[in-house]
Amino acid sequence: MTSSTVLSYSFINDILHSALISGNTPSRLEPLVLFTQIIKTFFEEHLHTDEEIRLVQEGSGYFDVRDHQDRWVRIEVVKGDLIVLPAGIYHRFTLDSKNYIKALRLFVGEPVWTPINRPADDHPKRVQYLEAFIVKATV
């Protein structure tokens, strides 16, 4: 990025909270299903075409990322933490035992949140990530 480049960030608040589904009566079954689907989607190993930038406002959880030998590395995030995952990195997210997180997600430009599930080794952003981070780290 050059000094003349100006980035415009937008944001979306994500709230994952198991208490949203408390009082699990038949009329409240849909939020339980939705919550379960969201957690399952976040835990599926994937990458994004843009950086994933998160500021944890409340609660806590874990981001799992792959190292240069394709092993999982677990990163705990708690209130006040900022995490930046480069475009093209395989990762997943899960809540901890408290089952609650509120995180601000920052985007460059218009919000795009499309997970590309693994395997996606030929995806251009994955190739760029490998060239920028993995190849240089192992040389």
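Asn 99 is found in the loop between strand 6 (91-95) and strand 7 (100-108), where helices (H or I, at least four residues) and strands (E, at least two) are DSSP runs numbered from the N terminus. This is a predicted model, in which local features need pLDDT of at least 70 and side-chain atom pairs count only at pLDDT 80 or more, while totals for chains, interfaces and linings use all residues. Residues are numbered from 1 along each chain as its sequence is written, and side-chain values use heavy atoms, with hydrogens and water left out.

Asn 99 has a positive phi although it is a residue other than glycine, and Asp 70, in the loop between strand 3 and strand 4, also has a positive phi as a residue other than glycine. The table gives their values; buried means under 20% relative accessible area, exposed over 50%, and partly exposed in between (1.4 Å probe, protein chains only).

| Residue | Phi | Relative accessibility |
|---|---|---|
| Asn 99 | near 55 degrees | Asn 99: 31%, partly exposed |
| Asp 70 | near 65 degrees | Asp 70: 34%, partly exposed |

Strand 3 (residues 52-66) and strand 4 (residues 72-78) pair in the antiparallel sense over seven bridges, pairing being called if DSSP finds at least two bridges between two strands. Within this pairing, Tyr 62 has Glu 76 in strand 4 as its bridge partner, and the hairpin has five residues between the strands, with Asp 70 taking its positive phi there.
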